[in-house]
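Hi everyone, thanks for making time for this. Let me put the structure up, and then I'll walk you through a few spots.

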2 protein chains.
Amino acid sequence: MEPAPAAPGPRLADSRGAERAAASSSLNPAGAEAQPRRRAPAVAAVLPAGGSGERMGVPTPKQFCPILERPLISYTLQALERVCWIKDIVVAVTGENMDRMKGIIQKYQHQRISLVEAGVTRHRSIFNGLKALAEDQPDSNLSKPEVVIIHDAVRPFVEEDVLLKVVTAAKEHGCSDYDLEFGTECLQLALKYGHINAKLVEGSPDLWKVTYKRDLYAAESIIKERISQYICIVMDTKEDENHVGHHLEEILKNELNHVKVTSGALCPPCRDLEQIILEQCYNYVCVNVMSFDFEETRRLLNMVKESNLSVLYPVVVISVYFLDYKSVPFDQKMENLMQIREYAKEVEKRNILLCGLLIYYPQDEQKLQASLRQGATIIATLIKERNSGLVGQLLVA
Amino acid sequence: MEPAPAAPGPRLADSRGAERAAASSSLNPAGAEAQPRRRAPAVAAVLPAGGSGERMGVPTPKQFCPILERPLISYTLQALERVCWIKDIVVAVTGENMDRMKGIIQKYQHQRISLVEAGVTRHRSIFNGLKALAEDQPDSNLSKPEVVIIHDAVRPFVEEDVLLKVVTAAKEHGCSDYDLEFGTECLQLALKYGHINAKLVEGSPDLWKVTYKRDLYAAESIIKERISQYICIVMDTKEDENHVGHHLEEILKNELNHVKVTSGALCPPCRDLEQIILEQCYNYVCVNVMSFDFEETRRLLNMVKESNLSVLYPVVVISVYFLDYKSVPFDQKMENLMQIREYAKEVEKRNILLCGLLIYYPQDEQKLQASLRQGATIIATLIKERNSGLVGQLLVA
C-alpha cells in the first residue's frame with residue numbers, strides 16, 4: 001500500500017463526533033431520521049478504479065476522463081470526502097496509473113485517501129482495498145472499519161443521504177442473509193476475505209454510472225449547471241443608491257429565476273464576500289459604476305485566489321462597465337481592453353475565467369433597458385458555458 | 001386522423017425505387033449487405049408520442065423538450081424521414097399537443113408525416129397509428145404497408161442501417177415465434193389488431209432513449225459535436241497566395257484534428273460553396289484579408305439564407321479581420337463593430353449565429369503566430385458552444 005502524497009486531513013477518532021458532524025451537515029436532506037443511531041460505526045470506502053473504459057470509445061480510462069479539465073475520479077472523491085464520517089477512502093488503481101492518481105490527489109487537494117494497486121479484475125481490486133483496511137499493517141495509518149462502502153469510481157453524483165442509509169442498513173442487518181440475497185459476488189468476496197462488514201451501494205437515478213461518452217457530456221452539463229446556481233454581484237457603490245448597477249442586478253434576478261443572485265461587499269473588512277466565497281459561489285459579476293479601472297476587479301480576484309475556491313471548479317469573474325461613447329474617448333477603452341487580456345491570462349493559470357463586459361449606456365431609457373437585458377444574457381451565457389476559450393474578451397452589450 | 005399541415009413530400013410508389021434509394025444513400029454504412037432483397041417491402045413507421053415525461057423533472061413532455069431550441073421529436077422525425085424508403089410516418093400525440101405538433105412539422109418542414117390522436121396508454125397510441133395505416137380510409141392518402149417500424153419519439157439517434165436490418169428481418173421472418181419470443185406486448189398488439197407485419201426495433205447503444213434530464217444534456221452535446229465536424233473557410237483572396245488567411249487555416253486544421261476543414265469560393269458562379277452548403281456544413285469562417293467591410297460576409301450570409309440550411313440547425317458564421325492598430329484608425333473599427341451587431345440581429349431570426357473576430361496582426365512573426373492560435377481557439381469555442389448569447393460580438397485575438 002502506498003500512502004497518498006497529500007497530508008492526511010483530520011480523522012474522526014470519536015464516533016460521537018461523526019454523529020454530530022453528520023447531523024449538522026447541510027448535505028444531508030434526509031435529516032436526523034437517517035443518522036446512524038447512538039454510536040456511529042467506523043466507516044471506510046473502497047473505490048475500484050482499475051478499469052480501462054473500453055466502452056467509452058476514448059483512449060483514456062473513463063475514471064480519468066476530464067470534466068471541466070478535472071478527471072472524473074476527482075469528482076467522485078470529492079463527493080465521498082465531503083462526508084466527514086467516512087474515515088478512510090481507499091482507491092485501487094493499476095500500477096501504470098499510480099503516479100497519475102497521486103498527481104490528481106495532490107492537485108485537487110484530496111484528503112483521507114490511500115492508494116492500493118488494482119488487481120486484474122474488479123473483484124481483485126476490491127479485495128486489495130479490503131485487505132489494506134483489514135490488516136492493520138504496522139506502517140499503515142488506516143484502522144479497521146466496521147462498515148466498508150464499495151463505490152464505483154465512475155459514479156460521481158453520490159449523495160450523503162444515500163451513503164448514510166446504506167451504512168445504517170449495514171449496521172442494523174450486519175451481513176445477514178438479507179444482504180446476501182441482494183448482494184453480488186463482490187459482497188461475498190468481502191465476507192470471505194475481509195472479515196469485516198460490507199454492503200454494496202445499490203443504484204438509483206442519482207447514482208448513475210458514467211459508461212458511455214454521452215454520459216461524460218451529461219456529467220459535464222450537470223456539473224456546469226450545479227455551479228451556475230449562485231451568482232454574486234459586487235458593486236463599487238453604496239447599496240441604497242438607485243443606479244444602473246442595481247437595474248442590472250434586478251434584470252439578472254428576473255432572467256435567471258432559478259439562480260440565487262446575491263450582493264457582496266468589497267469594502268474592508270470584506271466579511272460579506274468572504275462568507276459568499278466560503279459558501280462556494282463560483283460566479284462573480286463585478287459592476288463598476290463609478291470607475292473605469294480594474295481596482296475592484298483586482299481586489300475581488302485576489303480574494304478568490306487566496307481562498308483556493310478555484311482548485312475544484314473554474315470560477316467565472318465578469319467585470320462590467322457602463323459606457324457612454326460620447327463622454328469618454330475610445331482610446332482609453334482600448335487600453336482597458338488590453339489590460340483585461342493581461343489579467344485574464346494571469347488568473348487563468350489559477351482556474352479563474354475573467355471576461356469584460358461593456359454595457360452601452362445611452363440617454364434613452366428604453367435603449368438602456370435593452371442594453372441591460374443583452375448584458376444579462378451575455379453574463380448568463382458566460383457563466384453557463386464556462387469556456388476558457390473566451391477569457392480576456394471584452395464583450396459589448 | 002388529421003393530415004399534417006406540411007405538403008406531403010414525394011412518395012415511393014415503386015418498391016424498386018426504394019431499393020435503389022437505400023443502396024445509394026450515404027447514411028447506410030452497412031452497405032449492400034443489409035439491403036432488402038429484390039423487392040423492397042412497403043415500410044411505414046409509427047411513433048407513439050403521447051407521453052408526459054414525468055421522470056424528466058421538467059413541465060414539458062420530454063418529446064417536446066428543446067435541444068438547440070428545436071423540440072426533441074423533430075430530431076427523431078428528421079432521422080426517420082431522411083430514410084427515403086420509409087413511406088409514411090404516423091405520429092400519435094395527445095389532443096392538447098396536436099397544434100404544437102402541427103407547428104413543429106410546419107416550422108421544420110417535415111415531410112411524409114401524418115398525425116393521429118394518442119391513446120391513454122402507449123399501446124393504445126400504437127394501436128391508433130396502426131389502425132390509420134391498415135384501414136385505407138377513403139380520405140386518407142396512406143396506403144397499407146407490409147412492415148411497420150414502431151419507434152419511440154424520444155430515440156433521436158436511430159441510424160438507417162439499424163432500421164434496414166429490422167425491416168429485412170421482419171420481411172424474412174414475418175412475425176414468427178422467433179419474433180414473438182423477443183417481442184413485447186406492443187408486437188402482439190400489432191399482430192392482433194393491425195393485420196400487418198410488425199417488429200419492434202431493439203435497443204442498442206446508438207438507439208438510447210432520452211429519459212432523464214441528463215439525457216437531454218447528452219443529446220444536446222452529441223448534436224452540437226456532430227454539426228461541428230465540418231468547417232468551411234471562405235477567403236476573399238486567391239487560393240495560391242501565401243498569406244495570413246492560409247496560416248489561420250493551417251492552424252485550424254492542426255488544432256481541430258478530427259474536424260474536416262475545407263475552403264469555399266464566393267466568386268461567381270459559386271459552385272464550390274453551393275456544394276458545401278448542400279453537404280450540410282453548418283460552420284463558416286469568412287476570412288477578410290484584403291478588405292475591412294462586410295461585403296464577403298453579406299454574400300455568404302445570403303447564400304446560407306437562400307439555401308434554407310439553417311432550418312434544422314443553427315449555422316455559425318464568423319467574420320474574421322486582421323488588425324494592425326497602427327495602420328487603421330480605430331474609429332473605423334468601431335463602426336464595423338456596430339455594423340456586425342445589426343447584421344447579427346437580422347440573421348439571428350433565420351437561425352444564423354454571426355460573430356466577428358479581430359485578429360491582432362503585429363510585425364513580429366512570433367506574436368502573430370500567438371494571435372492566430374488564439375483566433376483558432378476562439379473560432380473553435382464559438383462553433384462548439386453554438387450559443388446565441390454571443391451573437392453580434394466582436395471578439396479579439
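Let's begin with helix α8 of chain B, residues 213–226, in what is a predicted model.

If you want to highlight them on your own screens, pick Arg214(B), Asp215(B), Leu216(B), Tyr217(B), Ala218(B), Ala219(B), Ser221(B), Ile222(B), Ile223(B) and Lys224(B). What do these buried residues pack against? On the chain A side the partners are α8 (213–226) and α13 (365–385), and within chain B they are β3 (66–67), α2 (72–81) and α13 (365–385).

The axes of α8(A) and α8(B) come within 8 Å and cross at roughly 110°. An angle between 65 and 115 degrees counts as roughly perpendicular, so α8(A) and α8(B) are roughly perpendicular to each other. The crossing of this pair is right-handed. Who makes the contact? From α8(A) we have Lys213(A), Arg214(A), Tyr217(A), Ala218(A), Ser221(A), Ile222(A) and Glu225(A), and from α8(B) we have Lys213(B), Arg214(B), Tyr217(B), Ala218(B), Ser221(B), Ile222(B) and Glu225(B). Sorted by class, this contact has 6 nonpolar, 2 polar and 6 charged residues. Have a look at the spacing in those lists while I remind you of a general point: an α-helix has 3.6 residues a turn, so residues three or four places apart point the same way.

Staying with the two chains, let me show you Pro205(A). You'll find Pro205(A) in the loop between β8 (197–200) and α8 of chain A. Its relative accessibility is 46%, so Pro205(A) counts as partly exposed. Which residues does Pro205(A) touch, setting aside those up to four places away in sequence? They are Tyr212(B) and Arg214(B). For a sense of distance within chain A, Pro205(A) and Gln366(A) are 161 residues apart in sequence, and their C-alpha atoms are 47 Å apart.

Chain A has 13 helices and 14 strands. Of its 397 residues, 56% count as buried. If you take contacts in chain A between residues at least 6 apart in sequence, 76% of them join residues at least 24 apart.

Back to chain B for another helix pair, α9 and α13. Helix α9(B), residues 244–255, packs with α13(B) at an angle of about 55°, with the axes 9 Å apart. The two helices are therefore oblique to each other. Their crossing is right-handed. On the α9(B) side, the contact involves Val244(B), His247(B), Leu248(B), Ile251(B), Leu252(B) and Glu255(B), while α13(B) brings Leu368(B), Gln369(B), Leu372(B), Arg373(B), Ala376(B), Thr377(B) and Ile379(B). By class, that comes to 8 nonpolar, 3 polar and 2 charged residues.

Ser371(B) also sits in helix α13 of chain B. Why does Ser371(B) count as buried? Buried means under 20% relative accessible area, and Ser371(B) is at 8% relative accessibility, so it qualifies. Leaving aside neighbours within four places in sequence, Ser371(B) is in contact with Ile359(B), Tyr360(B), Pro362(B) and Ala397(B).

Compare that with a loop residue, Thr94(B), between β5 (86–93) and α3 (98–107) of chain B. Thr94(B) has 19% relative accessibility, so it counts as buried. Not counting residues up to four places away in sequence, Thr94(B) touches Gly50(B) and Ala118(B).

Last stop, a backbone detail. Most residues other than glycine have a negative phi. Gln109(A), however, has a positive phi, near 55°, and Gln109(B) also has a positive phi near 55°. Gln109(A) lies in the loop between α3 (98–107) and β6 (113–117) of chain A, and Gln109(B) lies in the loop between α3 and β6 (113–117) of chain B. Gln109(A) is partly exposed at 40% relative accessibility, and Gln109(B) is partly exposed at 39%.

That's my tour, and I'm happy to take questions.

Key
Residues numbered from 1 in each chain as written. Chains lettered and ligands numbered in written order. Predicted model: local features only at pLDDT ≥ 70, side-chain atom pairs only at ≥ 80, totals over all residues. Heavy atoms only, no water. Helix = DSSP H or I, 4+ residues; strand = E, 2+ residues; numbered from the N terminus. Expected span 1.5 Å × (residues − 1). Buried < 20%, exposed > 50% of the residue type's maximum accessible area, 1.4 Å probe, protein only. Contact = heavy atoms within 4.5 Å. Axes fitted to C-alpha atoms, helices over the stretch in contact; angles between N-to-C directions. Parallel < 35°, antiparallel > 145°, perpendicular 65-115°, else oblique. Left-handed = near helix turned anticlockwise from the far one by under 90°. Nonpolar A, V, L, I, M, F, W, Y, C, P; charged D, E, K, R; others polar.
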